[in-house]
Amino acid sequence: MDTELFDYSLPQELIAQTPAARRDASRLLVFERASGKIRHCVFSDLPEILPAGTRLFRNDAAVLQARLPGVREGSGGKVECLLLRPGKIPSQWWCLLKPGKKAAAGAFGIAGVYRAHVMDKEICEDGGGEYLVEFEISPRGDNVLDVAKRIGVLPLPPYIVRSRPKNADFSALDKERYQTVYAHLENPVAAAAPTAGLHFSTELLQKLRERNFPQFDLTLHIGIGTFQPIKSAKIESHKMHKEFYSIPQETREQLEREDKKNSPRLAVGTTSLRAMEDFARRRAAGDPLIPERGSVAAVAGLFVFPPQKIIGAEFLLTNFHLPKSSLMCLVAAFLAPGEMRGIEIIKQIYAEAISLRYRFYSYGDAMLIL
């Protein structure tokens, strides 16, 4: 299948650079698969839109303040170190480095905070590299996460490129709004936010509970691969990145309930759906790595695209995604499970959203698929 099938043209001004004034004030496009109808709503209308009995499954991963500034010893040149995932020992992390070759040639850091040097390197599919970095932390007793909390910056997506007015500082805004209100901040494990969840306010979540729409948490460690477009000419040739996830027992029991017609499962975001679908397929296949009961921990490496069938959820809440991305492929498969026509449907939906000036990507508006 040609990757070009998932391309579309988006005016630059529709890429949201900041969030809506209120979390739940974003626009919400509602698509009904059975009828093919589209409705245009506001996110705060969600309790009135969802069918009775709907259960929400959400990714509670918190975003790590993963961008660490530094300077190279000797030359004083600037270094940016992006934390990706822990190594085998607490003092080591796999990272992206800018500039990679120069930073890897010697030590770098910030005096009185940390000193670091490269131990190993892995070549990525795009020709770039990930570096295994050894950290020496000051003061002793602190760890890499402590340093990230003190001096790190949230790793915003590369398409958020702001023209800053004089003295403008978006750091406080991003620190608040590039996290969901239900994120487990004490355990930051994500390199990017589960952006569909950014639209929920505390008040809206409470309203949903009062209307008997229960919410259940799982955790998927979102990797930097979520930003990477499909570079192969054919969809089938794309090598999907892998992400660790965990599902607590209570959430697992809800996922396994058989009354899905009266209590449909809503995946809040593609990251939640990725974990839910991976678990559902493993369970259906009798995967011996999945215990018979209790919590679940596994690695999702699924690449979902039309005409695959989705068995992990009945509904999906998501944002509008990058052209030729694995997330767009996943949503197209969800729109028409087992069929190819989801590709045309998603392009029609996106065309209408563009014509009505919806805001796209991480800080943009949302879409609900019923």
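1. In this predicted model, helix α8 (residues 326-335) packs against helix α9 (residues 342-355) at an angle of about 110°, and their axes lie 8 Å apart. That angle makes α8 roughly perpendicular to α9, because values of 65 to 115 degrees count as such.

2. The contact between the two helices involves Met328, Val331, Ala332 and Leu335 on the α8 side. Their counterparts in α9 are Gly342, Ile343, Ile345, Ile346, Ile349 and Tyr350. Sorted by class, this contact of α8 with α9 comprises nine nonpolar residues, one polar residue and no charged residues.

3. The largest nonpolar core contains 71 residues, and the members that touch the most others are Tyr178, Tyr245, Tyr350 and Phe360. Helix α8 supplies the largest share of this core, with eight residues. Another core, of 24 residues, lies apart from it; Ala103, Phe108, Tyr114 and Phe135 are among its members.

4. Strand β3 (residues 55-59) is largely enclosed by the rest of the structure, because five of its five residues are buried. In a regular strand, side chains alternate between the two faces of the sheet. Both faces of β3 are covered: Arg55, Phe57 and Asn59 are buried on one side, and Leu56 and Arg58 are buried on the other.

5. Strand β3 has the following pairings. It runs parallel to strand β14 (residues 265-268), to which four bridges join it; here Phe57 has Ala267 as its bridge partner. Four bridges also join β3 to strand β12 (residues 215-220), again in parallel, and in that pairing Asn59 stands opposite Leu218.

Terms used: Residues numbered from 1 in each chain as written. Predicted model: local features only at pLDDT ≥ 70, side-chain atom pairs only at ≥ 80, totals over all residues. Heavy atoms only, no water. Core = buried A, V, L, I, M, F, W, Y, C linked by side-chain atoms within 4.5 Å. Buried < 20%, exposed > 50% of the residue type's maximum accessible area, 1.4 Å probe, protein only. Pairing = 2+ DSSP bridges. Axes fitted to C-alpha atoms, helices over the stretch in contact; angles between N-to-C directions. Parallel < 35°, antiparallel > 145°, perpendicular 65-115°, else oblique. Contact = heavy atoms within 4.5 Å. Nonpolar A, V, L, I, M, F, W, Y, C, P; charged D, E, K, R; others polar.
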